[in-house]
Amino acid sequence: MSLLELDDVKVHFPVKKGLFFDRTVGHVYAVDGVSLSIEAGQTYGLVGESGCGKTTLGRAVLRLNDITDGGVVFDGTDLAKLPGEEMRAFRRRLQMVFQDPLGSLNPRQNIESILSEGMAAHGIGKDQAERREKIKDILAKVGLPANALSRYPHEFSGGQRQRIGIARALVLEPDVIICDEPVSALDVSVQAQVINLLEELQESLGLTYLVIAHDLAVVRHISDVIGVMYLGGLVEEAPSDALYAKPRHPYTKALMSAVPVPDPEVEDRRERILLHGDLPSPANPPAGCRFHTRCPWVQETKCATERPPLLDTGDGHKVACHFTAEIEAGTVKQTLATGIEAVTGTETVAAEAVEVSESDTPEKAPATVPAQADADAKEKATDTEEEAEPPAADATEKAEGSPKA
């Protein structure tokens with residue numbers, strides 16, 4: 001049995017309406033049927049665009065968000081069914097590193113108080129002196145000096161604050177750490193340091209990670225298995241190398257095509273899949289396959305009516321698509337009916353050339369010149385008439401004055 005197993009987990013947030021009496025008029029389907037398993041000592045990477053439910057799923061594992069349905073089995077115990085006090089005890093073995101290091105640390109507490117608070121709550125250490133020694137040891141492992149104990153969060157840089165967040169999780173000696181965008185708020189050089197730190201701690205302490213991230217390069221570097229989420233569900237899951245070598249779901253193909261390649265020639269020749277349109281609302285998700293409204297290989301049958309299950313297509317590669325085999329074989333062709341375009345760099349240049357040639361055709365240019373010429377002629381004629389009026393008035397005055405002379 002895996003260390004952590006999620007079985008058809010659902011997290012739905014009710015949408016209420018009413019001035020005096022709140023009534024539920026709908027739900028936001030943030031997580032809608034996710035099943036995965038994480039082995040001990042493994043790093044599972046979870047990727048997907050903003051709003052797909054990654055963070056909500058991570059918080060649901062810790063019961064920070066209530067689970068609507070499904071099970072979260074950790075070391076043989078279903079966390080979804082545990083009462084509050086028992087769940088609080090289990091949280092020592094399940095910790096989280098949050099995305100915003102400054103927002104997750106209490107600005108009114110120094111570092112020693114922040115780190116020792118959880119230890120005192122779970123009964124770790126006989127007294128404060130023993131806890132202080134353990135905290136110093138953890139700070140040394142994450143690369144912070146011992147004199148940091150008396151300082152406050154605002155006195156540290158962003159990378160140092162994230163190290164403090166990692167230390168806060170480590171002092172409780174957890175088995176699983178959920179890293180929610182652990183490096184997204186950091187500089188690139190600091191990102192590499194934090195990622196290397198997480199790998200070193202995993203090797204030395206035998207930790208298991210669930211890493212939630214947007215950066216596909218970071219996920220590839222640290223993860224053993226990667227799951228791709230779209231609109232509350234998993235659409236593909238595979239070992240890291242296999243997923244990056246040959247993605248099989250249309251959404252994963254689009255994500256991978258968005259990753260820049262540091263070679264101008266390869267970058268110009270490779271295929272890019274441009275997804276048009278926004279992510280559908282999780283409060284009103286499409287029927288059938290959630291991706292069919294944006295899929296370049298959408299078909300008239302099944303896609304809009306049946307939701308595909310996540311099935312193993314071989315070598316641990318799981319895909320939630322009705323036509324995976326047909327797309328791989330090439331029997332299902334891409335269509336532009338949904339506003340999807342798959343273009344290469346040369347085709348893009350050719351398309352731009354066509355647009356320029358059409359806009360600069362000689363047939364369209366003369367059509368605007370006569371109109372402008374007519375307008376200019378009318379303005380000149382008006383000016384001529386206005387200039388001609390004063391001499392006429394002077395002639396009249398002279399004609400009237402001649403008899404008197």
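**Exercise 1. The largest pocket**

*Solution.* Step 1. The structure under study is a predicted model.

Step 1. Next, the lining is assigned to elements. Both β6 (94-97) and α3 (111-121) supply at least two residues of the lining of the largest pocket. The largest share, 5 residues, comes from α3.

Step 2. The residues of the lining divide into 10 nonpolar, 5 polar and 4 charged.

**Exercise 2. Arg168 and Gln162 in helix α5**

State where Arg168 lies, and list what Arg168 is in contact with beyond its neighbours within four places in sequence. Then decide whether Gln162 is buried or exposed.

Step 1. Neighbours within four places in sequence are left aside. Arg168 is then in contact with Gln95, Phe98, Ser104, Leu105, Ile114 and Leu115.

Step 2. Arg168 and Ser116 are 52 residues apart in sequence, and their C-alpha atoms are 8.4 Å apart in space.

Step 3. Gln162 is also found in helix α5. Gln162 has a relative accessible area of 2%, and a residue under 20% counts as buried, so Gln162 is buried.

Step 4. Residues up to four places away in sequence are again not counted. Gln162 touches Val97, Phe98, Gln99, Pro101, Glu181, Pro182, Leu186 and Val194.

**Exercise 3. Salt bridges**

Find how many salt bridges the whole structure contains. For the salt bridges of Glu173 with Arg92, Lys141 with Asp137 and Glu237 with Lys318, describe the positions of both partners.

*Solution.* Step 1. A search of the whole structure finds 12 salt bridges.

Step 1. In the salt bridge between Glu173 and Arg92, the closest N and O atoms are 3.4 Å apart. This pair links distant parts of the chain, 81 residues apart: Glu173 is in the loop between α5 (158-170) and β7 (176-180), and Arg92 is in the loop between α2 (84-90) and β6. Glu173 counts as partly exposed because its relative accessibility is 45%. Arg92, at 26%, likewise counts as partly exposed.

Step 2. In the salt bridge between Lys141 and Asp137, the closest N and O atoms are 3.9 Å apart. Lys141 and Asp137 are separated by about one helical turn because they are 4 residues apart in helix α4 (residues 128-141). A general rule applies here: an α-helix has 3.6 residues a turn, so residues three or four places apart point the same way. Lys141 is partly exposed, with a relative accessible area of 37%, and Asp137 is partly exposed, with a value of 42%.

Step 3. In the salt bridge between Glu237 and Lys318, the closest N and O atoms are 3.8 Å apart. Glu237 lies in strand β10 (residues 233-239) and Lys318 in strand β13 (residues 318-319), so the pair ties together parts that are 81 residues apart in sequence. Glu237 is buried, with a relative accessible area of 8%, whereas Lys318 is partly exposed at 30%.

Step 4. Salt bridges may also form a network, as they do in linking Asp32, Arg290 and Arg307.

**Exercise 4. Strands around β4**

Identify how many bridges join β4 to strand β1 and how many join β4 to strand β5. Describe the hairpin of β4 and β5.

*Solution.* Step 1. Strand β1 (residues 4-17) and strand β4 (residues 69-74) run antiparallel and are joined by 5 bridges. Within this pairing, Asp7 has Gly71 of β4 as its bridge partner.

Step 1. Strand β5 (residues 77-78) also runs antiparallel to β4, to which 2 bridges join it. Thr77 in β5 stands opposite Phe74.

Step 2. The hairpin of β4 and β5 has 2 residues between the strands, and Asp75 takes a positive phi near 55° there.

**Exercise 5. Helix α1**

Determine how many of the residues of helix α1 are buried.

*Solution.* Step 1. Of the 8 residues of helix α1 (residues 54-61), 6 are buried, and the helix is mostly covered.

Step 1. The buried residues in α1 are Lys54, Thr56, Leu57, Gly58, Ala60 and Val61.

Step 2. Just after α1, Arg63 takes a positive phi of about 60°.

Key. Residues numbered from 1 in each chain as written. Predicted model: local features only at pLDDT ≥ 70, side-chain atom pairs only at ≥ 80, totals over all residues. Heavy atoms only, no water. Pairing = 2+ DSSP bridges. Nonpolar A, V, L, I, M, F, W, Y, C, P; charged D, E, K, R; others polar. Salt bridge = Lys/Arg side-chain N within 4 Å of Asp/Glu carboxyl O. Buried < 20%, exposed > 50% of the residue type's maximum accessible area, 1.4 Å probe, protein only. Contact = heavy atoms within 4.5 Å.
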